[in-house]
Amino acid sequence: MAKERKQHIRSDMGREEFQSAGMFRAWADAIRSGSRRELARAITLVESARPEDVEPAQQLLELLLPYTGGAQRIGISGVPGVGKSTFIETLGKELIADGRKVAVLAVDPSSPLSGGSILGDKTRMVDFARSDAAFIRPSPAGKTPGGVARKTREAILICESAGYDIVLVETVGVGQAEWQVSRMVDFFAVLMLPNAGDSLQGIKRGILEMADAILVNKADGGMREAALHAVNEYQSAMELSESRESGIIIRSCSALDCITVRSCWQELAAALADRKKDNRFDNRRRDQLRHWIRSLAEDSLMQILQDDRNSQKFLEELAAEVDSGNTTPLRAGLAFRKKVVSGLVDQDERNRMPI
Amino acid sequence: MNIKKQPLYTSKDLAARGYEESGPGRYPYSRGPYETMYTRRPWTIRQYAGFSTAQESNAFYRKALKAGQKGLSVAFDLATHRGYDSDHPGVEGDVGKAGVAIDTAEDMIQLFDGIPLDEVSVSMTMNGAVLPVMACFIVAAEEQGVSQEKLAGTIQNDILKEFMVRNTYIYPPAPSMTIVSDIMAYTHRKMPRFNSISVSGYHMQEAGATPLQELAFTIADGLAYLEAARSAGLRVDDAAPRVSFFFALGMDFLTETAKLRAARELWARLVRERFQPENEKSLVLRMHCQTSGWSLTAQDPLNNVIRTTIEALAGVLGGTQSLHTNSYDEALSLPTDRAARIARNTQLILQEEAGLCQTIDPLAGSYAIESLTSDIASGAMEIIREVDALGGMIRAIEQGMPQRRIQESAASRQAAIDSGDEVIVGVNAYRSEEAQEVDVFDVDNKKVLNQQKKKLDHIRSERDPGTVAQALERVTKEALADQQAGRLLEAMVDAARARATVGEMSSALEHVWGRHRAAQTAISGAYRKSFQNKTLFMEIVQEVEAFARREGRRPRMLVVKLGQDGHDRGARIVATAFADIGFDVDLGPLFLTPAEAARQAIENDVHVVGVSTLAGAHKTLIPSLIDELKREGADNIAVVAGGVIPDKDAEWLRKKGVLEIFGPGTRIPEAARRVLGCIAARGAGKGSR
């Protein structure tokens, strides 16, 4: 599909567009040769909510696509205060010491009221952020949580093309974003606090079910025992849960202690290596890609319906019918589907469909 | 979280609160720590000062003592606070700026040249590098022939509030507390006239705490220090009598007066209850006060003389033991000689002309004052109970509770002022049309830096390297031993004697403990919630929304402080308020170099960098940030600045490429609008493609 598209662009390319194609090539080259600024700008472009930015973003991505796929993509999630950033700082420094290049994409929540956000991740990763082998980009989740997924996925690809061989995606454990992130990474780790009793109650079981690893953090000082206790609790909770494949890593760690963080990484890397041996790694990526395409298709269909004023109006009318007791919600839903399937509702067909 | 005043107080209010008459110098000491109070000796006029080199500060001190000042209070520069020598690469903009530069005992000797340390009491605001600075001070006295047991004064040594609000810490919390108790142990043994700690609420109020929060958290800090002393093996009667306090005096006159009276009462009650001292002196809270720097305005600066006078009066009627009055020009720069003289005279006039020293605690028995004293004490007690429930102040700070509360108060106060609910004369009401020319004082930072470097080179070549190395090794060894019995300071004194530098002494400990980095967080929602004028607020919100629709993303701003300046009230308020208005705000870590800030701006691809500056280093650090951005080809990223920036510096900075400069008192919606203008000027989204 990418190829077709490219040819299509080429076939009716005017002079101006030709120049801009040259600009995109130069941009892609700059990203690949390590320009931090161009990498950052590319992420801004794919994150843009402006309709006219979609096409250029795809154009740039297509140029980068051949150079993607090489990184280990790791998701790291957990509630605020669990120590995600500290963990990432320690892990990042260890990985860099091993000669790796590490990119961090941090998705921070936006205020539902103002839409604005405060992005403070780097204040917890000062030493790591200073390293030449690190790239850290916090991004606001925006008001619609669904928006995170596409953008982060594309940002991962861009970082890969820039030569980062490990991409860490940090999310705050609030739900929807995690679910999406777990479907774009090779390994999804959830950090937990040691007070298991309380957190097991409050935690969204869903998050645990998508986790490849549960790391009980802050196993240091006076909390060591509580952390071990929590590990036990999670282990028995996971044994009871039948809804997932086995092989989840459950252990304690201290984000402050580089030795335990390194050993976490080794365990995690070993699990990934295992999965690579028997295709589970590739299968997961393929499934994710399918899922991605499907959800993009679904999203765009939804968008079409939402943008179509007549459809929306028809829905309103149906709702009124349901309100007044003339029909049931199920019948109303079926009527809407029928209308959509028979072509989008258009201006002339304003008469009510027989229900 | 503030005290609500009634429109009228009567005798019924006193009865309802169980008011009991007591006397000055008697439990629970609300009427004053001493029986005779100012009738025998007035409070000590103690002006906080220090700038440039030791030599220049020394000249200033001598002049001040001659003009009627009774004690000294030393302000150190930020490099010293953070344990760096003047020639350390991360501090170039800060040397000699907000205080005096001290690198070795030689500087300290020069600082007190001709000032008899057995007669003049010296207060030192030092927390992070407290050990090397105490050591240099002790050596300076030694060389004057004054033995340490004769030294009188106070070392601030209050690390907890540094982690809360002031940010001039060096080591992580646990070893920092070790240092505090080490100094308590040392002074107990060897410096009986010296206050080993000054538990400070001042910086909390400056950071935005209400007087009630200030009082509660300060008393809770004090209790935490007594606990620490107890774990270090000191009896409460060895430690408590040398603990002193330091409060801010804001503009709420009755509340502030009552707060000081309530402080003594609360402390006496809690120390008795929790530590059962035998010595009555352990119950007595003695304090220093300073008028609020935050309440000073850059607009119509002479109004500040009036503000300071009212605040000082609250200190005097509240029964403070010593007092600093701010200079009217301090919202603009360090004080000029003239402004410093007027500030000092304010106190002299209160002492000599106003008759305030003739009657002890004249407000006692007032329906209003006594009711407020009681209400503040019980309000603060409620907060202290919350702190207790979290496991004490150290745990509460680790969990960020006091920090969050203070930030909330600061943001809602800003909103109240921005929306015109709270009037600040000359700022958001009754603005003066005529331009006010005020002289500002400027330290030639480059000159100081060169002098300090030269001096350091000289000392390093003259001293005996073997002795220095040995002394530093012992410091490291004592840190590893972790005894908290005054042995750290003892080892430091030897090192200072051998002319080890403040930087070397600090690193000797850093080898063992590491350097602490605190996460910067900012709360959200508090500004929006408190902004009463919704129409005004929604106007700017809609402008931001329009921007976001047009550009495909929200305006994104990196808020940073550069260099060693940790005063981050302004930065945090801006972060909170801009996010509440709809910006995406990146909050930078403290102590960034210009190159690090530029890199963060580029990686995060922000539209604009906002630099908050209060310590005078802007002329060095901001142009260097702009150069770094240019070097990386990112000159489309706009740079704006806010904080304490004198007009002539503002002009200079504009020439260097700073697009907007926001002085104190700028309303945030107005600032946001101007920032949007800057982004537009730089071509916004279009320019970034």
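Between domain 1 and domain 2 of chain B, the rule finds 0 salt bridges; a salt bridge is a side-chain nitrogen of Lys or Arg within 4 Å of a carboxyl oxygen of Asp or Glu. Across the interface of chain A and chain B, the rule finds 3 salt bridges. This is a predicted model, where local features need pLDDT of at least 70, side-chain atom pairs count only at pLDDT 80 or more, and totals for chains, interfaces and linings use all residues. Residues are numbered from 1 along each chain as its sequence is written, chains are lettered from A and ligands numbered from 1 in the order in which they are written, and side-chain values use heavy atoms, leaving out hydrogens and water.

**Inside chain B**
- Domain 1 covers 11-399 and domain 2 covers 526-687, with bounds from an automatic or database domain assignment.
- About 1,700 Å² is buried between these domains of chain B, 54% of it on carbon and sulfur atoms; buried area is the accessible area (1.4 Å probe) that two parts lose on being put together, summed over both.

**Between chains A and B**
- Here 35 residues of chain A are in contact with 41 residues of chain B, where contact means heavy atoms within 4.5 Å.
- Chain A and chain B bury about 3,100 Å² between them, with 47% of it on carbon and sulfur atoms.
- Take a look at A:Arg130 and B:Glu596, whose side chains meet in a salt bridge (2.3 Å, N to O).
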